[in-house]
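Take a moment to look it over, then read on with the picture beside you.

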Amino acid sequence: MTHAPGSTPSVHLRVPTDEDALAWYRVFDDPEVMEFHGGRRAEYSVYEELTARQRRHDAELGHCLWTVLDDTGSVLGFTGAQPWPHASFGPVGEVEIGWRLGRASWGQGYATAAARATLERTRALGLREVVAMIDVRNARSVAVAVRLGMRRAETYTSPVTKQEAYCFRLEL
């Protein structure tokens, strides 16, 4: 379902369910979607673990990577906030926001709308600042961060992939 050109699409966020593991697995089964996340689809078990971890984050922290749905209830991907998961590099100790949508949802404003909903929720929780780590080659995600009013701060290099990522910051 598409929305009127120039309008902001309506998105709905929910804590990921067991069924969302399969939905995420399917919607992210695209080399373009996974280009900056390892380049190939992850195994189904990765999404089972990821959705379970997000349910724990929601229960313990009040935020997580939420499943993004359109008005028809179709799963578009995820957005949300979680603790930065690495202890050896990057914005250690910070809360990272992020988004990943299936290819069919690109270019329609869904990522920005979903990320704005994430910012509203994190603001309501009393968080003072969030970061977004974005691969320097990922122009689409960089554009979303800019639309959100985030400022580019540090640049980090992943010790595993050797890829550079921008750390964007936003005071809430």
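Let us begin with a pair of charged residues: D135 and R137 join their side chains in a salt bridge, with N and O 2.7 Å apart. Keep in mind that this is a predicted model.

**Salt bridges**

How many salt bridges does a search of the whole structure find? The search finds 10. One of them links E32 and R103 through their side chains. E32 sits in the loop between α1 (18–27) and α2 (44–61), and R103 in the loop between β4 (95–101) and α3 (110–124), so this pair ties together parts that are 71 residues apart in sequence. E32 is partly exposed, with a relative accessible area of 41%, and R103 is also partly exposed, at 34%.

Another salt bridge joins R56 to E49. Here R56 has a relative accessible area of 42% and is partly exposed; E49 is partly exposed at 36%.

| Pair | N to O distance |
|---|---|
| D135 and R137 | 2.7 Å |
| E32 and R103 | 3.4 Å |
| R56 and E49 | 3.9 Å |

Salt bridges can also join up into a group: E94, E129, E154 and R169 are linked in a network of them.

**Into the interior**

In soluble globular proteins, nonpolar side chains tend to be buried together. In this model, the largest nonpolar core has 41 residues. Which residues have the most contacts inside this core? They are Y47, I97, W99, L148, M150 and F168. The element that gives the most to the core is α3, with seven residues. There is also a second, separate core of six residues, and W84, M133, A165 and C167 are included in it.

Not counting residues up to four places away in sequence, W99 touches F78, T79, A111, A115, A132, I134, S141, V144, A145 and L148.

Are they buried or exposed? F78 counts as buried because its relative accessibility is 5%, and T79 counts as buried at 0%.

Beyond its close sequence neighbours, F78 is in contact with several residues, among them W24, F28, L50, L65 and W66. The contacts of T79, with neighbours within four places left aside, include L13, C64, L65, W66 and T118. What does the side chain of T79 reach at 3.0 Å? The side chain reaches the backbone oxygen of G98.

F78 and S45 are 33 residues apart along the chain, and their C-alpha atoms are separated by 17 Å.

**A helix with a buried side**

Finally, look at α1, where D20, A21, A23, W24 and Y25 are buried. What do the buried residues of α1 pack against? Their packing partners are β1 (12–14), α2, β2 (65–69) and β3.

How values were computed. Residues are numbered from 1 along each chain as its sequence is written. This is a predicted model: local features need pLDDT of at least 70, side-chain atom pairs count only at pLDDT 80 or more; totals for chains, interfaces and linings use all residues. Side-chain values use heavy atoms; hydrogens and water are left out. Buried means under 20% relative accessible area, exposed over 50%, partly exposed in between (1.4 Å probe, protein chains only). A polar contact is a pair of N or O atoms within 3.5 Å; within protein, one must be able to donate a hydrogen and the other to accept it, and residues adjacent in sequence count only if both atoms are side-chain atoms. Contact means heavy atoms within 4.5 Å. A salt bridge is a side-chain nitrogen of Lys or Arg within 4 Å of a carboxyl oxygen of Asp or Glu. Helices (H or I, at least four residues) and strands (E, at least two) are DSSP runs, numbered from the N terminus. A nonpolar core is a set of buried Ala, Val, Leu, Ile, Met, Phe, Trp, Tyr and Cys residues joined through side-chain atoms within 4.5 Å.
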